[in-house]
Every structure is written in structure tokens, then in C-alpha cells.
Amino acid sequence: MTIAVAPAESRLRQTLVLLAAIALVGALAPLSPLASWAALALYLLGSLALLAWRVFALQEAAGLFLRGPGLRTSLLWGGGLGGALLLAGLVGLPAMLSAMADSGSGGLPLEAVKQLLFGRGLVLLLPLLVLAEEGLWRSLLLSALLEVGLAPGWAVGVSTMGFSLNHLAGAPLALSERAELALMA
């Protein structure tokens, strides 16, 4: 016996399955340092793939808050503020990494992080990660919660809380640094 699922419920289910998979892989981090990186890769690739499929294959851009009145202004403000935050983060990154190394908190060693981010060019992936985060939490999850009838205030609250808690599972850092990321988020 098959049960027909409404499109809105199906879209919410797709998003929640991706979020659960990311959380489960991230939960393995205490067992293997590679689990955090695997969760991060799933986060990046899964979010971008689901977002691209919904936008390009299913033509759902408007329902995902990706077009409409004021989009140009929103993109300019968001892009400008995002660029400023990225620049501030890159300027402050050496100090943050040095503090992590000095604290002995169990995070990655300073030289390893520097080599990974700058030596291999992974710092260039940060804009993609931001796009994946916003696409997953603000476009996919928030729009799905609104579609299934959750009040806008609750939908924003749930997606924001999930976004914050996600930083506990998805970052390849020591738990104390992940908690700081969650608070900042």
C-alpha cells in the first residue's frame, strides 16, 4: 500500500533527510577525525545538489526565496555584507588559529589548518560553503516549513535554531570551538 505524499511534505522530508544524514555523519566525529570532514563534504555537496535540483530541474526558484520583488537589493546587501564578513574573517583567521593552537583545546594544530586552508586553496571554498548553508537553512528548510503551514515566526525560529545546532556537528574543530560557532550562528 502506498501513501500519497503532498509536494510540500515531500520537500520537507527531502530537506530533513539531508539534515539527518549530515548530523549522523558529524556525530561520528569523536570516533574518527575524518567524520567531521565527511559531514562537511556532505553538507556542501548535498545542500548545493538539492538546491540546484529544486531550482533547475523542478523550476522552484520563487518558492525558495531565490527570486521575486527586491531580490536584486537583497543580493546586493547580502553579498556586500557577506563579502565584508569574509574579509574580516580572513583578516582575523591567523589570530583565531593561533589562539586555537595555544589553547590546547583539541582543535587541529595551527600549521595543519594553515596548510589545509591556504596551502591547498580550501579558503576559496568558503563562499560555496556560505551558499550551501544559506541554501539549505534559508531556502530549502525555511520554505518547506512555511509550505507545510508552520507560522512564519516559528519557521524562522526552527530554522535558526537548527542552523545554530548544526555547527556543533559539522565543523572539523574541537568541541569548545564548535560551541562558539553555534553561539555565533
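Guide: Leaving out residues up to four places away in sequence, R11 touches R54, E60, A144 and E147, where contact means heavy atoms within 4.5 Å. This is a predicted model, in which local features need pLDDT of at least 70 and side-chain atom pairs count only at pLDDT 80 or more, while totals for chains, interfaces and linings use all residues. Residues are numbered from 1 along each chain as its sequence is written, and side-chain values use heavy atoms, with hydrogens and water left out.

Visitor: Is R11 buried or exposed?

Guide: R11 counts as buried, at 17% relative accessibility, since buried means under 20% relative accessible area, exposed over 50%, and partly exposed in between (1.4 Å probe, protein chains only). R11 is found in helix α1, helices being DSSP runs of H or I with at least four residues, and strands runs of E with at least two, numbered from the N terminus.

Visitor: How many helices and strands does the chain have?

Guide: The chain has seven helices and zero strands, and of its 185 residues 31% count as buried.

Visitor: Which residues touch the most other members of the largest nonpolar core?

Guide: Y43, L136, W137, L140 and L141 do, in a core of 19 residues; such a core is a set of buried Ala, Val, Leu, Ile, Met, Phe, Trp, Tyr and Cys residues joined through side-chain atoms within 4.5 Å. Two or more residues each come from α1 (7-27), α2 (33-57), α5 (126-147) and α6 (152-170), and α5 gives the largest share, seven residues.

Visitor: And what is W137 in contact with?

Guide: Apart from its neighbours within four places in sequence, W137 is in contact with L19, Y43, L142, S159, G162, F163 and N166.

Visitor: Switching topic, which residues are buried in α7?

Guide: In α7, which spans residues 175-184, E177, R178 and A182 are buried. Viewed down the helix axis, the buried residues of α7 fall within an arc of 145 degrees (taken from the directions from the axis to the C-beta atoms), so they line one face of the helix. L183 and M184, on the other side of α7, are exposed.

Visitor: Which residues make the nonpolar surface patch?

Guide: V148, L150, W154 and V158 make that patch, of about 380 Å². Within it, V158 is found in helix α6 and is partly exposed, with a relative accessible area of 39%.

Conventions: Patches are made of residues with over 30% relative accessible area and no salt bridge: like charges are joined within 9 Å, nonpolar side chains (Val, Leu, Ile, Met, Phe, Trp, Tyr) within 5 Å. Accessible areas come from the Shrake-Rupley method with a 1.4 Å probe; for residues, only the protein chains shown count as cover. A salt bridge is a side-chain nitrogen of Lys or Arg within 4 Å of a carboxyl oxygen of Asp or Glu.
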